[in-house]
Amino acid sequence: EELQTQEWRTHGLPPWHSSLRPSSDPRVGTAYRPPQNIHLDLGSSYFGIWGADAGAASGQWFYDTYHARGKPFDRFIAVEVETLNDTKAFTQIPDDLVGVYTLMNVGLSMDEGDKLNTIDMIKRVVKPEDFFVFKLDIDSAPIEEPILKSLLEDNQEEGGASGLVDELMFEHHVNYEPMNAPWHNPKGVGDLHRSFNCFRDLRKKGIRAHSWP
């Protein structure tokens, strides 16, 4: 027999249920999704090591730091364009991240209509009630700048992704002589003064933006 759709019964629900986001579920009618702690690491490398330096591993740092603050991640999305060894990558993650950790070994983009568009993916994955930590460090200003521009210029009341970002860790690659060589900096990306203004404006939009690392 065909399964009958059950109506969601509101009686007997605890008071905090009203704070959860309702969503349509064909099996029960209405379901409620609890808030999640989500991390997107854009430019992740391996979880436990970056190059030959275990002390520079961003995945391990975010895991340790947010666990210590009572914010273990429900989703941990690592994005790295450089080819990684899957076995090596998943050997490094802690037991409680198995099934939570997603490795996307491809580059994201900001091309309109691309299924790998960074902002579109954030909107698909993150809900307003989630706690979302975004790390942006891919050592490429031409790719990072459009992401930054989108976050600075969007309208949160119209569904802009900036309204979903709680914390942003960003290595802003600008024209700064001591770092131009390791950053492979093109000219015309701005200077430290512009960088300070960007972080100020991100914070004005409610994003706790921090310079990384």
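Let's start at Phe196. Phe196 counts as exposed because its relative accessibility is 58%; exposed means over 50% relative accessible area, buried under 20%, partly exposed in between, with a 1.4 Å probe and protein chains only.

A word on the model. This is a predicted model, with residues numbered from 1 along each chain as its sequence is written. Local features need pLDDT of at least 70, side-chain atom pairs count only at pLDDT 80 or more, totals for chains, interfaces and linings use all residues, and side-chain values use heavy atoms, leaving out hydrogens and water.

Back to Phe196. Phe196 sits in helix α6. Helices (H or I, at least four residues) and strands (E, at least two) are DSSP runs numbered from the N terminus.

Now the whole fold. The protein has six helices and eight strands. The order is β-β-β-α-β-α-β-α-β-α-β-α-α-β. Of its 213 residues, 41% count as buried.

What does the largest nonpolar core look like? It has 28 residues, and Leu40, Ile122, Phe132, Phe134, Leu151 and Leu168 have the most contacts inside it. A nonpolar core is a set of buried Ala, Val, Leu, Ile, Met, Phe, Trp, Tyr and Cys residues joined through side-chain atoms within 4.5 Å. Elements giving two or more residues include β3 (37-42), β6 (131-136) and α6 (192-204). Helix α3 gives the most, with four residues.

Take Phe132. Contact means heavy atoms within 4.5 Å. Leaving aside residues up to four places away in sequence, Phe132 touches Ile38, Leu40, Ile122, Val126, Leu164, Val165, Asp166 and Glu167. There is also a second, separate core of 19 residues, with Tyr46, Leu84, Ala89 and Phe131 among them.

Last stop, helix α1. Which residues are buried in α1, residues 58-68? Ser58, Gly59, Phe62, Tyr63, Thr65 and Tyr66. The buried residues of α1 pack against β3, β4, β6 and β7. After α1 comes Gly70, with a positive phi near 75°.
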